[in-house]
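Q: I would like to go through the terms used for this structure one at a time, setting each value against its cut-off. Could we start with the aromatic pairs?

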Amino acid sequence: MNDDILLEVKDLKTHFFLDEGLIKAVNGVDFKMYRNRTMCVVGESGCGKSVTARSIIKIVVPPGEIVDGEILFHRDRSGNSNSDSIEIVDLAALDRTSSEIREIRGDDIAMIFQEPMTSMSPVHTIGDQIVEAIRLHTPVSKKEAREQAIELLNRVGIPKPEMRVDAYTFQLSGGMLQRAMIAMALSCHPTLLIADEPTTALDVTTQAQILELMIELQEETGMAIMLITHDLGVVAEMADDVVVMYLGTVAEKGNVIEVFHDAYHPYTQGLLRSIPKLGLRAAGKRLDSIEGMVPDPYNRPDGCPYHTRCEQAIS
């Protein structure tokens with residue numbers, strides 16, 4: 001199994017130095033990712049999921065800064081996962097504007113952002129943006145890159161891709177934009193795809209189509225997927241491994257069977273209890289919820305950060 005390790009995050013700390021005070025958005029996160037597996041990162045808003053993802057590809061901008069920890073990327077330069085060809089790169093040690101991280105970002109590691117309408121340029125066509133991503137990492141002509149872009153749009157299920165390749169973002173629906181962003185992310189055949197809540201703004205039918213598409217593409221390419229989501233139903237369907245985050249820390253991690261059926265941390269147990277169950281409304285029962293709110297990031301509680309909301313806390 002160790003030969004299949006793709007990414008090791010060790011004691012990662014990403015802090016934001018603001019005039020109001022210090023925010024420890026990510027405060028000692030540890031986990032491992034494996035090739036051709038899907039790891040879901042779950043937790044409430046503000047627990048550090050997206051900042052962790054952005055730290056991996058070094059797009060956290062000042063006043064945010066990685067202050068400690070390692071992000072060890074097991075980069076395979078041969079394409080055959082041969083242990084002799086694996087180069088271990090500490091992404092945390094690279095400058096976010098360096099040629100080394102720019103070579104990895106978008107090529108070996110790609111990211112699908114939460115809101116495609118604001119993540120893609122409104123003044124460039126979809127095709128131009130995909131072509132730029134392809135030509136940045138691949139020595140092909142503009143014509144060849146355009147042909148690849150059309151094929152990618154077709155692959156992710158966009159109808160009439162030869163026409164849509166010249167469309168602007170405001171001419172596409174949310175679902176089609178999300179597919180276009182997936183096409184751009186897959187343009188250089190990444191070994192790791194980070195998807196930051198890729199279905200949040202979509203209707204239920206389109207959500208199911210996008211998730212099914214990601215599963216199909218993973219089976220075709222063998223890429224690993226890091227999926228950030230609030231939806232535990234999505235986790236049950238997609239995940240091989242699960243990382244539960246709370247206030248910038250990892251509350252619990254394990255494979256999906258262990259976490260869903262034998263959760264140890266009270267926070268994980270609370271999240272699982274909050275899943276709607278059939279028949280509750282007819283029985284006149286209210287949904288379970290976790291009392292209180294995530295603590296103020298400027299005033300983190302001592303000890304376990306969850307103890308202020310925990311029913312099992314010992315005073």
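A: In this model there are 4 aromatic pairs, where rings of Phe, Tyr and Trp (its six-membered ring) pair if their centres lie within 6.5 Å, and where planes under 30 degrees apart count as stacked, over 60 as edge-to-face and the rest as tilted. The model is a predicted one, in which local features need pLDDT of at least 70 and side-chain atom pairs count only at pLDDT 80 or more, while totals for chains, interfaces and linings use all residues. Residues are numbered from 1 along each chain as its sequence is written, and side-chain values use heavy atoms, with hydrogens and water left out.

Q: Why is the pair of Tyr168 and Phe170 called stacked?
A: The ring centres of Tyr168 and Phe170 are 5.8 Å apart and the planes are 5 degrees apart; because pairing requires centres within 6.5 Å and stacking requires planes under 30 degrees apart, the pair counts as stacked.

Q: Are Tyr168 and Phe170 buried, partly exposed or exposed, and how do you know that?
A: Buried means under 20% relative accessible area, exposed over 50%, and partly exposed in between (1.4 Å probe, protein chains only). Tyr168 has a relative accessible area of 30% and is therefore partly exposed, whereas Phe170, at 59%, is exposed.

Q: What makes the pair of Tyr246 and Tyr306 edge-to-face?
A: The planes of Tyr246 and Tyr306 are 85 degrees apart and the centres 5.3 Å apart, and because planes over 60 degrees apart count as edge-to-face, the pair is given that name. This pair links distant parts of the chain, with Tyr246 in strand β9 (residues 241-246) and Tyr306 in the segment after α11 (266-273), 60 residues apart. Helices (H or I, at least four residues) and strands (E, at least two) are DSSP runs, numbered from the N terminus. Both Tyr246 and Tyr306 are buried, and together with Tyr267 they form one aromatic cluster.

Q: Why is helix α1 described as largely enclosed by the rest of the structure?
A: Helix α1 (residues 49-56) has 8 residues, of which 6 are buried, so the helix is largely enclosed by the rest of the structure. The buried residues are Lys49, Val51, Thr52, Ala53, Ser55 and Ile56. After α1 comes Lys58, whose phi is positive, near 55 degrees.

Q: How do you know that β1 and β2 pair?
A: Two strands pair if DSSP finds at least two bridges between them, and because strand β1 (residues 5-18) and strand β2 (residues 21-34) are joined over 10 bridges, they count as an antiparallel pair. A hairpin joins β1 to β2 through 2 residues, and the bridge partner of Leu12 in β2 is Val29. Strand β1 also runs antiparallel to strand β4 (residues 64-76), with 8 bridges between them.

Q: Why is Thr38 called buried?
A: Thr38 has a relative accessible area of 1%, and because buried means under 20%, Thr38 is buried. Thr38 lies in strand β3 (residues 38-42). Leaving aside its neighbours within four places in sequence, Thr38 is in contact (heavy atoms within 4.5 Å) with Gln218, Ile225, Met238, Ala239, Asp240 and Asp241.

Q: What makes strand β7 mostly covered?
A: In strand β7 (residues 192-196), 5 of its 5 residues are buried. Leu192, Ile194 and Asp196 point one way, and Leu193 and Ala195 the other way. Strand β6 (residues 109-112) runs parallel to β7 with 4 bridges, and strand β8 (residues 224-228) runs parallel to β7 with 5 bridges.
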